[in-house]
Amino acid sequence: SGGILYRIPKEGGEPEIVLNNIQFNISYVEKYDGDLYVLGHKYYQRGEVGVSETITGILIDGEIKEITPR
């Protein structure tokens, strides 16, 4: 939440930040075939209005690549 997503090692230890972007609020993450798929909201300005849209994507190197669901 708040644009920060952590990875916590199974064996314990310090959490690692994998996403730090206030523009996103991720509500669900699932690992599939080594990739992290995310579902959440993306926030941005359109003129004087704040806009929120639901997104799905793949988290790659700290960036979300948006994908279109089938």
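Predicted model: local features only at pLDDT ≥ 70, side-chain atom pairs only at ≥ 80, totals over all residues.
Student: Which elements does the protein chain have, and in what order do they run?
Tutor: Let's begin with the counts: the protein chain has zero helices and six strands. Read from the N terminus on, the order of the elements is therefore β-β-β-β-β-β.

Student: What share of the residues of the protein chain count as buried?
Tutor: A residue is called buried if its relative accessible area is under 20%. The protein chain has 70 residues, and the share of them that count as buried is 23%.

Student: How is the aromatic pair in this structure arranged?
Tutor: Searching the whole structure turns up one aromatic pair. It joins the rings of Y32 and Y37, whose centres are 6.4 Å apart and whose planes meet at 65°. Planes over 60 degrees apart count as edge-to-face, so the pair of Y32 and Y37 is edge-to-face.

Student: Is Y37 buried or exposed, or in between?
Tutor: Buried needs under 20% relative accessible area, and exposed needs over 50%. Y37 has 30%, so this residue is partly exposed.

Student: How many Å apart are the centres of the positive and negative side chains?
Tutor: The protein chain carries 7 positive and 11 negative side chains.

Key: Residues numbered from 1 in each chain as written. Heavy atoms only, no water. Phe/Tyr/Trp six-rings, centres within 6.5 Å; stacked < 30°, edge-to-face > 60°. Buried < 20%, exposed > 50% of the residue type's maximum accessible area, 1.4 Å probe, protein only. Helix = DSSP H or I, 4+ residues; strand = E, 2+ residues; numbered from the N terminus. Lys, Arg positive; Asp, Glu negative; His and termini not counted. Charge placed at Lys NZ, Arg CZ, Asp CG, Glu CD.
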